[in-house]
Amino acid sequence: MRRLRRSTLTGTAAVGCLLLLTACGHGPAPAAEDTAAPTPVRAADAPALLPVPRGGGSEVPDDFNGDGHRDLVLDDLVTAESHADDAGIGVVYGSPRGLVPGARQLLGPEKYAAPVDGQLPAVFEAEASCDLDGDGFTDLVVTTDPPYDGQGRPPVPLQLLFGSPSGLAGRAVPLTVPDRARYGNDWPERPVCGDFDGDGAEDLVVHASAGRLSYLRGPFTREGAPRKAGAPIPSPGEAPTGPAADVNRDGYDDLVVRTSAGPGKAAVVLGGPDGPSRTGVTLPTGVDVALGAFGKGKALDAAVGTPDTTALRYDLPTASRGGVDTPGSLLDAADFDGDGLSELVSSGSAVHVYPGRATGPTTRGAVTVRPASAGTTRVLTAADFDGDGLADLVLRTHRGDTEDTVEVHRGTAKDVVTARAAVTFSTSQFLTR
């Protein structure tokens with residue numbers, strides 16, 4: 001998937017749950033077996049389809065049906081045969097006990113996308129999620145492939161799917177990016193949600209071109225239009241990256257902007273009354289950036305992953321230097337044990353969790369999470385899906401295009417994360433309607 005920009009978190013949630021790192025050259029101790037974990041839902045026993053629970057609205061992130069429980073977006077679904085067309089976007093809805101694989105929804109363009117110039121898109125991929133219209137139901141930003149003849153300014157490929165008491169419902173609407181907010185002839189893409197002007201409404205930042213970003217102020221109408229959009233704002237890079245977070249605790253969400261979509265330098269861009277218009281600190285060259293409360297100061301911290309080490313910048317945006325000897329390039333951070341400090345997660349050839357300490361993340365007492373299934377494992381997200389105040393780790397292990405397993409490992413004060421998955425299922429369940 002063009003990952004839900006780690007997506008699926010808004011600023012307040014990002015403090016406890018953020019981004020990801022790659023394999024480490026150390027040998028951390030494996031997690032202790034969690035004998036109290038419930039029996040997993042096995043992929044071989046695809047659960048019967050259940051209705052989406054109806055909700056009345058909430059402030060919980062990624063709560064599309066507004067029932068007060070976080071939901072999971074899956075953008076890499078297995079297909080019936082190799083190299084088949086993308087199956088669409090899957091959503092597994094939450095409950096007081098966590099994710100319920102039976103309460104699921106498949107979002108495909110034929111039913112949920114808006115046609116553009118009479119054509120339905122072939123591409124329908126999740127990009128970001130937040131409550132854009134302020135009604136208490138999280139909305140989903142998707143990217144599509146509208147027809148374009150290569151002449152002049154391309155159309156906006158982003159569409160908005162709105163949440164409701166029954167979940168994501170109805171056809172998406174194209175996002176409106178006013179001409180005055182665009183710059184150059186690049187595709188408006190890489191949306192990041194956040195309250196960048198501190199007015200309580202979720203905004204969107206998208207790529208413009210040539211070191212500029214389009215800043216769209218929320219709330220948004222059900223027709224996809226922002227409340228306000230001005231001229232593109234200068235930026236230290238081309239690729240806005242989420243999730244947003246209020247790194248310096250001033251009431252405005254901030255975001256990371258990379259110099260390009262690939263490896264390279266990045267900078268923290270600070271929000272304010274005029275939106276994300278101030279560059280706070282330039283970060284070292286790396287493959288990925290995680291924001292978390294790693295323990296050095298009162299503000300959030302940044303971890304930058306490279307194949308050789310992880311550079312830390314404490315107490316943003318002033319950013320005193322530090323580091324941890326955990327080679328890795330994909331980074332994530334979340335508070336799994338509930339002590340108020342972020343753990344650092346690495347994934348690649350293995351998945352490692354490095355405990356947070358007052359002096360920063362440490363390799364001592366590190367945990368290796370071993371999925372039950374063989375294959376290539378990646379971290380999908382880290383978030384609190386069962387409402388116990390501890391983040392949970394969601395992994396996907398795939399074997400080609402047609403087989404996979406998704407595991408949810410719960411956070412725990414004792415062992416950081418459980419060795420045994422609390423929920424296990426396959427995205428093949430979305431193939432059966």
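Predicted model: local features only at pLDDT ≥ 70, side-chain atom pairs only at ≥ 80, totals over all residues.

Me: How many salt bridges does the count come to?

Reply: A salt bridge is a side-chain nitrogen of Lys or Arg within 4 Å of a carboxyl oxygen of Asp or Glu. By this rule, the count is eleven.

Me: Are R70 and D62 buried or exposed?

Reply: R70 and D62 form a salt bridge, with 3.2 Å between the closest N and O atoms. Buried means under 20% relative accessible area, exposed over 50%, and partly exposed in between (1.4 Å probe, protein chains only). On that scale, both R70 and D62 are buried.

Me: Why does D133 count as buried?

Reply: D133 forms a salt bridge with R222, the closest N and O atoms lying 2.7 Å apart. The pair links distant parts of the chain, 89 residues apart: D133 is in the loop between β4 (125-130) and β5 (139-143), and R222 is in the loop between β10 (212-217) and β11 (228-229). R222 counts as partly exposed because its relative accessibility is 43%. D133 counts as buried because its relative accessibility is 17%.

Me: Which residues do salt bridges with shared partners join into one network with D199 and R227?

Reply: The closest N and O atoms of the salt bridge between D199 and R227 are 3.3 Å apart. This pair also links distant parts of the chain, D199 in the loop between β8 (192-194) and β9 (203-209) and R227 in the loop between β10 and β11, 28 residues apart. D199 is partly exposed at 40% relative accessibility, and R227 is partly exposed at 47%. Through shared partners, the network with D199 and R227 also takes in D197 and R217.

Me: What is the average twist from one strand to the next in the sheet that has β13 and β16 as edge strands?

Reply: Helices (H or I, at least four residues) and strands (E, at least two) are DSSP runs numbered from the N terminus, and two strands pair if DSSP finds at least two bridges between them. The open sheet of four strands runs β13-β14-β15-β16 with antiparallel pairing, and its edge strands, β13 and β16 (278-286), each pair on one side only. Axes are lines fitted to C-alpha atoms, for helices over the stretch in contact, and angles run from 0 to 180 degrees between N-to-C directions. The twist averages 25 degrees.

Me: Which residue is the bridge partner of V257 in β15?

Reply: Strands of a sheet pair through backbone hydrogen bonds, either parallel or antiparallel. Strand β14 (residues 254-258) pairs with strand β15 (residues 264-270) in the antiparallel sense over four bridges. In β15, the partner of V257 is A267.

Me: How far apart in space are G242 and C193, C-alpha to C-alpha?

Reply: G242 belongs to strand β13 (residues 239-245). With a relative accessible area of 4%, G242 is buried. In sequence, G242 and C193 are 49 residues apart; in space, their C-alpha atoms are separated by 7.3 Å.

Me: Which residues does T362 touch?

Reply: T362 sits in the loop between β23 (351-354) and β24 (367-369), and T362 is buried, with a relative accessible area of 18%. Contact means heavy atoms within 4.5 Å. Not counting residues up to four places away in sequence, T362 touches Y354, P355 and R357.

How values were computed:
Residues numbered from 1 in each chain as written. Heavy atoms only, no water.
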